[in-house]
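Here is a friendly walk through one model, with the structure open beside the text. Please keep the viewer at hand as you read.

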Amino acid sequence: MFENKDNTTTGIGSLGEFGLIDHLTKNFKIKQKSTVKGIGDDAAVISCNSKKELVVTTDLLLEGVHFDLSYMPLKHLGYKAVIVNLSDVYAMNAEPTQITVSIAASNRFPVEALEELYAGITAAAQIYNIDVIGGDTTSSTTGLLISITALGTVNKGEAVYRSGANENDLLVVTGDLGAAYMGLQILEREKEVFKVNPNSQPDLEPYSYLVERQLKPEARKDITRLLKELEVKPTAMIDISDGLSSEILHICKSSKVGCNLYEDKIPLDPQVISTCEEFKLDSTTIALSGGEDYELLFTVKQEDFPKIKANPHLSIIGHITNEKEGVHLISRAGAKIPLIARGWNALNAEE
Ligand code: ADP
Ligand code: MG
């Protein structure tokens with residue numbers, strides 16, 4: 001009855017993922033005094049007591065949309081499903097404490113397969129020191145679905161939101177960008193080769209970093225601690241799940257500011273650069289739009305520059321401007337190019 005057969009309804013792809021979320025959630029009003037932050041950040045924030053706040057975030061991974069089991073081992077999938085949630089907790093400047101895990105699986109999956117999935121979940125829970133406290137299990141008519149909810153805590157007043165960036169703040173990113181997307185390109189290419197010649201043995205060694213970033217990402221649990229040690233509190237923060245440009249635009253929209261991002265400052269691993277050359281792709285475009293890096297993007301006050309400038313984990317890639325100036329990439333040649341969100345968009349994946 002709601003199928004778009006006679007063109008009287010609106011295709012969900014037309015709004016884009018973020019447009020659809022805005023459209024569906026715009027009428028929700030916060031009623032509870034304990035809801036410090038509702039929809040619109042990496043996690044919601046709930047007041048617990050006079051000292052602590054609770055953060056809550058959830059992510060859904062669907063076979064055929066978010067992962068392909070022909071090259072994603074189930075153990076890695078379980079690990080990654082946890083990581084993508086923890087990354088959102090760290091992006092609030094919080095420490096993750098618990099997760100719940102819900103799965104839907106078709107009878108195509110034997111118990112052993114789900115045991116593998118849970119071996120990955122267990123490994124992540126061990127490494128990140130969190131408890132698995134519940135979930136739900138049901139059957140699916142087609143593929144595999146995993147939904148994880150992560151909880152975490154932060155001292156009252158220490159949560160960092162997307163909305164806190166101010167003019168003249170520095171824009172900082174952790175690690176390097178684009179590797180997870182290039183890892184996906186490598187795995188997709190090998191899958192095609194395998195279809196033609198099932199006896200082929202792929203040599204993934206030259207792409208080891210890229211494949212690892214795609215199949216076994218980590219969340220930046222070190223950064224909240226590092227920033228505390230450096231005595232730097234970010235003014236705004238977000239994790240990079242959809243691509244640098246999309247996340248910069250989220251910070252700018254929430255903070256009502258503009259931004260200049262410098263192309264020559266974007267951190268890239270040598271494997272990303274060489275593989276982009278091989279695939280005839282522009283490495284800046286990949287860093288901007290690739291996604292799944294699970295690095296942290298944050299802004300700091302300019303006076304904090306001496307505390308962060310020499311840190312090998314942190315790259316200063318731009319600065320915050322007045323909202324009227326817009327959001328731009330300053331190219332190596334000095335051209336000012338408006339930044340648009342070309343983040344990976346599951347709703348338009350077929351287009
Ligand atoms: P992230 O990429 O950090 O996981 P999302 O872009 O998925 O964040 O979500 C942005 C915000 O919208 C979050 O606050 C999230 O909780 C909220 N959100 C996403 N989907 C829905 C939905 N279907 N209903 C209500 N809120 C949603
Ligand atoms: Mg996020």
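Along the sequence, the donor residues of the magnesium ion (ligand 2) follow the spacing D-x45-D-x150-D. They are D42, D88 and D239, each coordinating through OD, at 2.0 to 2.1 Å. Donors here are N, O and S atoms within 2.8 Å of the metal (3.2 Å for Na, K and Ca), and water is not among the atoms, so sites may look incomplete. D42 sits in the loop between strand 1 (35-37) and strand 2 (44-47), and D239 belongs to strand 8 (residues 236-239), so this pair ties together parts that are 197 residues apart in sequence. D42 counts as buried, at 6% relative accessibility, and D239 counts as buried as well, at 1%. Buried means under 20% relative accessible area, exposed means over 50%, and partly exposed lies in between (1.4 Å probe, protein chains only). Helices (H or I, at least four residues) and strands (E, at least two) are DSSP runs, numbered from the N terminus.

A word on the ground rules: this is a predicted model, in which local features need pLDDT of at least 70 and side-chain atom pairs count only at pLDDT 80 or more, while totals for chains, interfaces and linings use all residues. Residues are numbered from 1 along each chain as its sequence is written, chains are lettered from A and ligands numbered from 1 in the order in which they are written, and side-chain values use heavy atoms, with hydrogens and water left out.

Next come the helices. Two packed helices are described by the angle between their axes and the distance between the axes. The axes of helix 4 (residues 179-196) and helix 5 (residues 208-215) come within 7 Å and cross at roughly 100 degrees. Helix 4 is therefore roughly perpendicular to helix 5. Axes are lines fitted to C-alpha atoms, for helices over the stretch in contact, and angles run from 0 to 180 degrees between N-to-C directions. Angles under 35 degrees count as roughly parallel, over 145 as roughly antiparallel, 65 to 115 as roughly perpendicular and the rest as oblique.

On the helix 4 side of this contact are A179, A180, Y181, M182, G183, L184, I186 and L187, which meet Y209, L210, V211, R213, Q214 and L215 of helix 5. The residues of this contact divide into 11 nonpolar, 2 polar and 1 charged. Contact means heavy atoms within 4.5 Å. Ala, Val, Leu, Ile, Met, Phe, Trp, Tyr, Cys and Pro count as nonpolar, Asp, Glu, Lys and Arg as charged, and the others, Gly among them, as polar.

Helix 5 also crosses helix 8 (residues 270-279): their axes come within 8 Å, at roughly 100 degrees. That makes helix 5 roughly perpendicular to helix 8. Here S208, Y209 and L210 in helix 5 meet Q271, V272 and T275 in helix 8, a contact made up of 3 nonpolar, 3 polar and no charged residues.

How many disulfides does a search of the whole structure find? The answer is 0, where a disulfide is a pair of cysteine sulfur atoms within 2.5 Å. The sulfur of C252 has its closest cysteine sulfur in C259, at 4.7 Å, too far for a bond. C252 is buried, at 4% relative accessible area, and C259 is buried too, at 1%.

| Pair | Apart in sequence | C-alpha to C-alpha |
|---|---|---|
| A113 and L74 | 39 residues | 6.9 Å |
| Y118 and Y79 | 39 residues | 8.4 Å |
| N166 and K256 | 90 residues | 8.5 Å |

A113 is in helix 3 (residues 111-127) and counts as buried, at 11% relative accessibility. Y118 is also in helix 3, but counts as partly exposed, at 29%. Leaving out residues up to four places away in sequence, Y118 touches V101 and I103.

N166 lies in the loop between strand 6 and strand 7 and is partly exposed, at 43% relative accessibility. Most residues other than glycine have a negative phi. N168 has a positive phi, near 80 degrees, and its place is in the loop between strand 6 (145-155) and strand 7 (170-174). N168 is partly exposed, at 48% relative accessible area. Y294 likewise has a positive phi, near 50 degrees, in the loop between helix 9 (283-289) and strand 10 (296-300). Y294 is buried, at 7% relative accessible area.
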